[in-house]
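Please look over the model shown here before reading on. The paragraphs below go from the whole chain to a sheet, a loop and a surface patch.

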Amino acid sequence: MEWMITALQGGLASLASYLAAHVLLCLVPAFFIAGALSALVPQQSIVRFLGPNTSKWVSYPAAAGAGSLLAVCSCTIQPLFAGIYKKGAGLGPAITFLFFAPAANILALAYTGVALGADFAIARIVLALSFGIGIGMIMAALFREGDLARLAEVETFSAGEGIPKRTLLFLGALVALLIAGTLKLDFLTAGLLHVEMPWAGAAAVQAGLDQLVPVNEAAGAEGLSLQGLILIALLGAIGVFAWKGLGQVDNGFNRLTPVALALTALTLAFAALGMRVTETGVLLTVTGRTLAVSALCLAIWPLARRFDGWDVQQWLWETWRFVKQIFPLLVVGVFLVGIIRVFIQPEWIRSIAGANTVLANLAGVVFGVFMYFPTLVEVPIAKMFLSLGMHPGPLIAYLMADPELSLQSILITTAIIGKLKAWTYVGLVALFSTLAGLTYGAWVDGTSLLILAPGVIGFVALIVTSLHLIERGRQATKKE
């Protein structure tokens, strides 16, 4: 009974800290972006750059380039992935986008270079770019027929139709909101105004939260602050009002629609506000992020009014549809990860990852999956393991797998593209992450590039040949 209570507490603690710290400024804007992509962007504009028939020299670099701008984790990228996939993006480029954004966005690479050194940052970008495109191409080749059938079933637009300027401006504001809420830059985090609010019971409340949801950096448990508790309550209130306010908006705006939207904007602004419990009360800090998020929330509404009422209704309804599809799986996944994390000790991974072996690299991959950390947190965790003796090879395997795979992201990917495609993707990421660790670890151990290069080139040649044979086999089948 004791271990069951401990496991349950671990699951609840994981869920509470995740909802309080990462859902609002990361995932909420991502849902609205996905809804806008689905409702407002002409499908042909997506197909033109990311479609299955687009030149690989255009679609895959475009997918990687788009992913490099977003500092998101494996869960936050899911609604964006679902949005472009639903609008007709080819499976291959969409998978490249899904892989590259968490693994090698600009912020992750910069942080890796500062914390771990330029060698790790260079290895991360080269491996993520080559493997992200490689995995996308493999997925596209394996499931090409189904992908073409999927594209044929959705409505198409005229070939000459592009993205209207008002849509580009609107999407730009939503992406700016996501970036302003997630980037850790000095001008965003700097305190501009401090306000002390007296509250004698604040310290006692925070002490109770610390005891209920303790902080454990080694296990990735971030605890729950007083601000986090308030944010969870606000998130619940948004859900109550949005259930009808956004869930039935396709039938027309109702009185709960503006309430849900205003409450969402207020909650995002509060999430961007600095809040710290002191001995005498609560210290509120207005930062650059607070001003940026608040200003962008105010700017989005007049930009939305430039669309027809029907278009806005479809945007909000598509946003709510993505929330219903993804958010429950996210909650279940985070809760299960918290339970599993109770029984997995970091010392087990460190004890078998001190050398560049297949088992050690697989351990790095498995650790990255089950010990889920939000975006960028994998870097200080990797630094900690490096200082404790983890070999650089398994460390790279971990850095490749952790941003890409988590239990909750696997569940969500399965819901979007189906079990077969999702588990094929999971297997390819695990395989390529392990190979990346073995290759980098061998180079660190002194193996000459003259020896490693033929092996890597041979592996790439094997993939290319296999894809070519698959394609030829399909063409031969069609002729028969």
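**From chain to patch**

Among contacts (heavy atoms within 4.5 Å) in the protein chain between residues at least 6 apart in sequence, 83% join residues at least 24 apart. This is a predicted model, in which local features need pLDDT of at least 70 and side-chain atom pairs count only at pLDDT 80 or more, while totals for chains, interfaces and linings use all residues. Residues are numbered from 1 along each chain as its sequence is written, and side-chain values use heavy atoms, with hydrogens and water left out.

The protein chain has 480 residues, and 52% of them count as buried; buried means under 20% relative accessible area, exposed over 50%, and partly exposed in between, with a 1.4 Å probe and protein chains only. Accessible areas come from the Shrake-Rupley method with a 1.4 Å probe, and for residues only the protein chains shown count as cover.

The secondary structure of the protein chain consists of 22 helices and three strands. Helices (H or I, at least four residues) and strands (E, at least two) are DSSP runs, numbered from the N terminus.

Three strands form an open sheet in the order β1-β3-β2, with antiparallel pairing; two strands pair if DSSP finds at least two bridges between them. β1 and β2 (274-277) are at the edges with a single partner strand each, so one side of each has no neighbour in the sheet. On average, neighbouring strands of this sheet are turned by 20° against each other, direction ignored. The axes are lines fitted to C-alpha atoms, for helices over the stretch in contact, and angles run from 0 to 180 degrees between N-to-C directions. Four bridges join β2 and β3 (residues 281-287) in the antiparallel sense. Met 275 is opposite Leu 284 in β3.

The loop between β1 (191-198) and α11 (202-212) contains Gly 201. Gly 201 counts as partly exposed because its relative accessibility is 26%. Gly 201 and Gly 281 are 80 residues apart along the chain, yet their C-alpha atoms are separated by 7.4 Å.

Where is Met 1 placed? Met 1 is in the segment before α1, and it counts as exposed because its relative accessibility is 67%. Met 1, Trp 3, Met 4, Ile 5 and Phe 343 make a nonpolar surface patch of about 590 Å². Helix α1 (residues 2-40) gives the most to this nonpolar patch, with three residues. Patches are made of residues with over 30% relative accessible area and no salt bridge, where like charges are joined within 9 Å and nonpolar side chains (Val, Leu, Ile, Met, Phe, Trp, Tyr) within 5 Å; a salt bridge is a side-chain nitrogen of Lys or Arg within 4 Å of a carboxyl oxygen of Asp or Glu.
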